[in-house]
Amino acid sequence: MPHTYFDPPLLIRDGMGTWVDTQTTPYVCNIDGMPQFNEALPAGVKELQPVAGSPVAGTPMAGTPVADTPVAGTLEPSWGRGYQVSGTHSQPPTKFGEETKLELLATEVVYEPLWATRDAAAAFGITLIEPGQGLRMQSPIRHLENTPFEYGMFAGQQCPYLDEAHRNQLQPTVCTDLEHHDFPHVFSSVDPQLPLVISVGRYWPQRAKIFLADLWVPQGMALYIPPRPKNPHAAYIDLHGNRNSALACWRGGTQTSVQTLTLLPKDSGYFYWFWNALPTVHPLLK
């Protein structure tokens, strides 16, 4: 009698990317929904100013819309769902980066679902690039790669913070998995059927508060995340993660993965990872 096996679920698959020299082609432009990298802005493309980074702690901030009530006695305006951070646990640094586990005062962690409008993206230090727009990137790493990825709807069930024996096993829940790093990202929403989903957070270490959301990036748009090296004097840390890129697949239908393009370094870069083991909830945008 022949054996019957399940097909293994797709988690994340990357393809052959295109090299980008950030010194000779520093402009990323959204041309008809696809990223192009140019020496200068093409005619007719509107130049954007990237969203400013985090101010030094104590610096007054310009107001932004509030989607969650800040901690009593603080002034930070934030989008997203807010959680108190009761403690942190840091692992020894490696050549790849530094890992910090956040302890949250919660039994589960809910990410606020938001369309990636200009204001919603800016609330997490991200610049939305619509078709016909472009901006000048900053990168301490000269050579990056614009790489095609395919994210499966179960990729969020993979936890990269477990020990080696369990790292590639699917988990019953999705954990908080966020990062920042010393190189830029460009996340392009290029799937012909579904939007791209990028999880984001704004963490206020001195105030022990983090705000979390899922940005649903409409098809044909892109997000620019500037380099974010470690800054112990920053008022807040903007974080992101793309393990749930295919979250839109859970709305129903037959599509079980999402195609995307991501600008990132091939074999370099230094990361700062922030995670929490509590189960997360990612409500769907209809």
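**Entry 1**

I began at Cys159, which counts as buried at 8% relative accessibility (buried is under 20% relative accessible area, exposed over 50%, partly exposed in between, with a 1.4 Å probe and protein chains only). Cys159 is in no disulfide, and the nearest cysteine sulfur, that of Cys175, is 3.8 Å away. For the cut-off, I took a disulfide as a pair of cysteine sulfur atoms within 2.5 Å. Cys175 is in no disulfide either, and Cys175 is buried too, with a relative accessible area of 12%. I then looked up the count for the structure: zero disulfides.

A note on what I'm reading: this is a predicted model, where local features need pLDDT of at least 70, side-chain atom pairs count only at pLDDT 80 or more, and totals for chains, interfaces and linings use all residues. Residues are numbered from 1 along each chain as its sequence is written, and side-chain values use heavy atoms, with hydrogens and water left out.

**Entry 2: the chain overall**

The chain has 286 residues, and 50% of them are buried. Next I checked contacts, meaning heavy atoms within 4.5 Å. Of those between residues at least 6 apart in sequence, 78% join residues at least 24 apart. The accessible surface is about 14,000 Å², and 55% of that belongs to carbon and sulfur atoms; the areas come from the Shrake-Rupley method with a 1.4 Å probe, and for residues only the protein chains shown count as cover.

**Entry 3: the cores**

Which residues have the most contacts inside the largest nonpolar core? I found Ile126, Met137, Leu215 and Leu223, in a core of 48 residues. (A nonpolar core is a set of buried Ala, Val, Leu, Ile, Met, Phe, Trp, Tyr and Cys residues joined through side-chain atoms within 4.5 Å.) Helix 1 (118-122) supplies at least two residues of this core, and so does each of several strands, including strand 12 (143-152), strand 15 (196-204) and strand 16 (209-217).

Leaving aside neighbours within four places in sequence, its contacts include Ala120, Ala121, Ile126, Val200 and Leu223. There is also a second, separate core of 15 residues, and among them are Val85, Val110, Tyr111 and Ile237.

**Entry 4: salt bridges**

I got nine salt bridges, each a side-chain nitrogen of Lys or Arg within 4 Å of a carboxyl oxygen of Asp or Glu.

Glu112 and Arg81 pair at 3.2 Å, N to O. Glu112 is in strand 9 (residues 112-115) and Arg81 in strand 6 (residues 81-90), so this bridge ties together parts 31 residues apart in sequence. Glu112 is partly exposed at 22%, and Arg81 is partly exposed at 31%.

Glu145 and Lys266 meet at 3.9 Å, N to O. They sit 121 residues apart, with Glu145 in strand 12 and Lys266 in the loop between strand 19 and strand 20 (271-276). Is Glu145 buried or exposed? Glu145 is buried, with a relative accessible area of 4%, whereas Lys266 is partly exposed at 42%.

Last, I checked Arg228 and Asp238, which form a bridge at 3.9 Å, N to O. Arg202 joins Arg228 and Asp238 in a network of salt bridges.

Technical notes: Helices (H or I, at least four residues) and strands (E, at least two) are DSSP runs, numbered from the N terminus.
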